[in-house]
Amino acid sequence: LDVVRSAPFAVAPSARVWYAADHSDQDRGGLLAVAGPGLPGARTEIDLLRREIPGVQGLVDDQARVDRVMAALSNVGTAHVAAHGRYRADNPQFSSIALADGDLTVYDLETLSRVPRTVVLAACDAGDAQVNAGDELMGFAAALLRLGASSVVAASVAVPDDLVSPLMVDLQVRLRGGNRVPEAVFGAVGAAMESADPRLTAAAASFVTIGS
């Protein structure tokens with residue numbers, strides 16, 4: 001916890017990944033906010049984002065289908081996904097986030113020609129990854145970096161959707177206010193960790209910036 005509170009930081013699995021993320025040119029405007037099924041807090045989170053930030057493109061309920069989300073990901077600068085996440089240690093390519101009509105997997109992501117420069121994943125285990133043959137890092141967040149994202153905010157543990165919604169909204173407000181991603185994460189996480197609820201403190205501390 002002392003590390004999380006000490007200063008803004010980003011985690012990069014290698015110098016090569018950091019360099020590619022730092023030199024990403026996929027800089028487009030617009031914020032896409034997606035709420036997956038089965039998480040009451042996810043819909044609340046997207047509603048709060050729409051209230052706080054003008055012009056948010058929201059996909060919720062039956063709108064949050066795999067095809068619509070993939071199409072939208074190619075045309076925005078920032079994506080915010082609140083959904084069930086699953087990391088597959090047996091085959092990271094099948095790591096996924098749950099949407100209205102099924103799972104969006106790493107295989108699906110890899111069909112995109114563009115991804116947002118910044119992606120926030122309010123989803124369990126979305127930051128998990130493993131190193132395979134040839135030192136290739138595999139997992140959901142790792143795939144986004146490989147495809148050209150500059151920064152991915154994610155956690156490597158299970159996160160309670162009912163607790164983290166205010167944290168996630170605070171993070172996006174800070175990003176829209178001009179903060180760089182590590183600074184926005186640092187500020188939002190630090191504010192959430194002031195809570196007297198140890199569950200929120202633990203959940204907040206699990207979110208890190210991966211990439212640049």
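Is Arg 88 buried, partly exposed or exposed, by relative accessibility? At 22% relative accessibility, Arg 88 counts as partly exposed. This is a predicted model.

**Salt bridges**

- The model has eight salt bridges.
- Arg 88 is joined to Asp 90 by a salt bridge with an N to O distance of 2.7 Å. Arg 88 is partly exposed because its 22% relative accessibility falls between the limits of 20% and 50%.
- Asp 170 and Arg 174 form a salt bridge in which the closest N and O atoms are 3.0 Å apart. These two residues belong to helix α7 (residues 161–176) and are four residues apart, about one turn of the helix. Asp 170 is partly exposed at 24% relative accessibility, and Arg 174 is partly exposed at 28%.

- Strand β8 covers residues 118–122, and five of its five residues are buried.
- Thr 118, Val 120 and Ala 122 point one way from β8, while Val 119 and Leu 121 point the other way. In a regular strand, side chains alternate between the two faces of the sheet. Residues pointing either way from β8 are buried.
- Strand β4 (residues 78–82) runs parallel to β8 and is joined to it by five bridges. Within this pairing, Ala 79 has Val 119 of β8 as its bridge partner.
- Strand β11 (residues 151–155) also pairs with β8 in the parallel sense, over three bridges. Here the bridge partner of Val 120 is Val 153 in β11.

**Packing of helices α3 and α7**

- Two packed helices are described by the angle between their axes and the distance between the axes. For helix α3 (residues 40–52) and α7, the axes come within 9 Å and cross at roughly 25°.
- Angles under 35 degrees count as roughly parallel, and α3 and α7 are therefore roughly parallel to each other.
- Their crossing is right-handed. On the α3 side, the contact is made by Pro 40, Gly 41, Ala 42, Glu 45, Leu 48, Leu 49 and Glu 52. On the α7 side, the residues in contact are Asp 161, Val 164, Ser 165, Met 168, Val 169, Gln 172 and Val 173.

- Thr 78 lies in strand β4. Thr 78 is buried because its relative accessible area is 10%, under the 20% limit.
- Leaving aside residues up to four places away in sequence, Thr 78 touches Gly 30, Leu 31, Leu 32, Pro 116, Thr 118, Gln 172 and Arg 176. One of these, Thr 118, is a buried residue of β8, and another, Gln 172, is part of the α7 side of the contact with α3.
- The C-alpha atoms of Thr 78 and Arg 117 are separated by 6.1 Å, although the two residues are 39 residues apart along the chain.

Terms used:
Residues are numbered from 1 along each chain as its sequence is written. This is a predicted model: local features need pLDDT of at least 70, side-chain atom pairs count only at pLDDT 80 or more; totals for chains, interfaces and linings use all residues. Side-chain values use heavy atoms; hydrogens and water are left out. A salt bridge is a side-chain nitrogen of Lys or Arg within 4 Å of a carboxyl oxygen of Asp or Glu. Buried means under 20% relative accessible area, exposed over 50%, partly exposed in between (1.4 Å probe, protein chains only). Two strands pair if DSSP finds at least two bridges between them. Axes are lines fitted to C-alpha atoms, for helices over the stretch in contact, and angles run from 0 to 180 degrees between N-to-C directions. Angles under 35 degrees count as roughly parallel, over 145 as roughly antiparallel, 65 to 115 as roughly perpendicular and the rest as oblique. A crossing is left-handed if the near helix is turned anticlockwise from the far one by less than a right angle, and right-handed if clockwise. Contact means heavy atoms within 4.5 Å.
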